Amino acid sequence: YTVARSPTGAPRAAARDRHMQFESAGIRMTLRSMAELLMVIAITARSASAITIEQHPTYQSCSATPSTCTSLRIDAQQLTGSLPSELASLTMLTYMSLHNNQLMSTIPSQLGMLTNLGWIYLWNNQLTGTIPSELGYLTRLSDMSTWENQLTGTIPSNLATLTLLTRMHHGRNRLTGTLPSEFAALTGVTDMLLCNNTGLCGDVPAGVPLHARSPWCPTATLGTQLGSACPSSSPTAEPDSSPTSEPGEQPLKENWFRKRDVAREKAFPQKRSWERKRAKADAN
């Protein structure tokens, strides 16, 4: 009561300030708890919504009317599983975009049957295996991207038949080998990204349009060994550790084997006796 009636009012003001601070801290804690809760709900909902391509309504609608379906776009939908070979039945597709998902299969060679495709985007998945050479049949293709997957093997040389290509993105994979000289025919390509494939090596063939227009890949060959000789993969011959002979002396190798046999006979006399009996029986 004495504090409340203080003529200066300072204690009352201090108490009021402390009360407001407690309220502000409580509000901050409440907001933080709500943000964490919303994050957990979002992650849970995202995990629950992870489906395969075949289960997605867009694919189901497209596969139900393949003669009229020209575009399949399922981006950033947390797709899991594999790329189904049944995609090849959508022969009227001109646009396929399945990027920013969690697809973990190989690229089906049957995609080479989609000869009307002009754009195919498979970047930022977890695709494995090689780039199918059958993609060289997609002669109407102008944009191709397998950026940021786990693809291995060499780049197929018959992709050089895709003369309408303007962009080719195969960076951030695990590709190996040399760059096909046939790529000199891709004169229309203005954006070819091969960076961050540490296994790519060898000289860059003359005329190959190595242009980079992406901020993620300032030079087309960054993070590769292109321009340098490929490391030799042939195994080196191991040195012969057996004894050698000197001119004018009994061959040491033969002498070495004789000493080995004598030592074995002393260590295992019964075994050597049995071997001699068997050899004598075979001779008779």
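Colleague: Which residue in E7 is the bridge partner of Thr-152?
Modeller: Arg-174 is the partner of Thr-152 in E7. Bear in mind that the model is predicted.

Colleague: What makes strand E5 and strand E7 a pair?
Modeller: Pairing takes at least two bridges between the strands. E5 (residues 152-153) and E7 (residues 174-177) are joined by 2 bridges, so they pair. The two strands run parallel.

Colleague: How do you know that E7 and strand E9 pair?
Modeller: By the same test, at least two bridges. E7 and E9 (residues 199-202) have 2, so they count as paired, and they run parallel. Gly-177 has Leu-200 as its bridge partner in E9.

Colleague: Why is Asn-101 called buried?
Modeller: Its relative accessibility is 7%. Buried means under 20%, so Asn-101 qualifies. Asn-101 sits in the loop between strand E2 (95-97) and strand E3 (119-121).

Colleague: What makes the pair of His-99 and Asn-101 a polar contact?
Modeller: A polar atom of the Asn-101 side chain lies 3.1 Å from the backbone oxygen of His-99.

Colleague: Why is Ala-76 called partly exposed?
Modeller: Its relative accessible area is 49%. Exposed needs over 50% and buried under 20%, so Ala-76 falls in between. Ala-76 lies in the loop between strand E1 (71-73) and E2, and has a positive phi of about 50° without being a glycine.

Colleague: And why does Arg-172 count as partly exposed?
Modeller: Arg-172 has 29% relative accessibility, between the 20% and 50% limits, so the term applies. Its loop runs between strand E6 (167-169) and E7. Arg-172 is not a glycine, yet its phi is positive, about 60°.

Terms used. Residues numbered from 1 in each chain as written. Predicted model: local features only at pLDDT ≥ 70, side-chain atom pairs only at ≥ 80, totals over all residues. Heavy atoms only, no water. Helix = DSSP H or I, 4+ residues; strand = E, 2+ residues; numbered from the N terminus. Buried < 20%, exposed > 50% of the residue type's maximum accessible area, 1.4 Å probe, protein only. Polar contact = N/O pair within 3.5 Å; in protein donor to acceptor, adjacent residues only side chain to side chain.
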